Amino acid sequence: MASLLYRHTILDHYQNPRHFGKGGANARTGEASNPMCGDKLTLYVDADRTGKIRAISFEGEGCAISMASASLFLEKVVEENLTFDELHALPPVYIYELLGVPISSARQDCALLILSAVKKIKRS
């Protein structure tokens, strides 16, 4: 039953992604793509001098797993009020726990695409 709930959550975040849209003029960006399946996304992060994230969003297109993981991830980042450094330190298991379903090795790149985008944003 729990697996069905998680599948519903993934579909909901895929169809209605949270924090979806272009970032503001001050946002730093990180782009990531998965050439194997065509997923691509751009992450926008606006943080103040102390590293506190003021705004975060993403744009892109891809499969249900890549879009849902980005949406779930950003929702959790906002909910937990993470700093830019904390965002950079998050491990892949963080994404897997958010998705709540086993991710096959063929789909891991899709699930972790948002973390790839995070890693491409330079800390300043």
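Predicted model: local features only at pLDDT ≥ 70, side-chain atom pairs only at ≥ 80, totals over all residues.
Helices α2 and α4 are roughly perpendicular to each other, a class that covers angles of 65 to 115 degrees, with under 35 counted as roughly parallel, over 145 as roughly antiparallel and the rest as oblique. Their axes come within 10 Å and cross at roughly 100°. Here an axis is a line fitted to C-alpha atoms, for helices over the stretch in contact, and angles run from 0 to 180 degrees between N-to-C directions.

Residues are numbered from 1 along each chain as its sequence is written, and side-chain values use heavy atoms, with hydrogens and water left out.

Which residues of α2 meet α4? They are I65, S69, L72, F73, K76 and V77, and on the α4 side they meet Y94, I95, L98 and L99; contact means heavy atoms within 4.5 Å.

I turn to the aromatic pairs, of which the structure holds two. Rings of Phe, Tyr and Trp (its six-membered ring) pair if their centres lie within 6.5 Å; planes under 30 degrees apart are stacked, over 60 edge-to-face and the rest tilted. F20 and F58 form an edge-to-face pair, 5.1 Å centre to centre with 90° between the planes. Because F20 lies in the loop between α1 (2-15) and β1 (28-34) and F58 in strand β3 (residues 53-61), the pair ties together parts that are 38 residues apart in sequence. F20 is partly exposed at 43% relative accessible area, whereas F58 is buried at 0%. Buried means under 20% relative accessible area, exposed over 50%, and partly exposed in between, with a 1.4 Å probe and protein chains only.

F73 and Y94 form an edge-to-face pair, 6.0 Å centre to centre, with 90° between the planes. This pair links distant parts of the chain, 21 residues apart, with F73 in helix α2 (residues 64-79) and Y94 in helix α4 (residues 92-99). F73 is buried at 0% relative accessibility, and Y94 is buried at 13%.

Next, the backbone. Most residues other than glycine have a negative phi. H19, although not a glycine, has a positive phi of about 60°; H19 sits in the loop between α1 and β1 and is partly exposed at 30%. N81, also not a glycine, has a positive phi of about 55°. N81 belongs to the loop between α2 and α3 (84-89) and is partly exposed at 46%.

Leaving aside neighbours within four places in sequence, D46 contacts N26, A27, K52, I53, R54 and A55.

Finally, P102 is in the loop between α4 and α5 (108-111) and is exposed, at 79% relative accessible area.

Key. Helix = DSSP H or I, 4+ residues; strand = E, 2+ residues; numbered from the N terminus.
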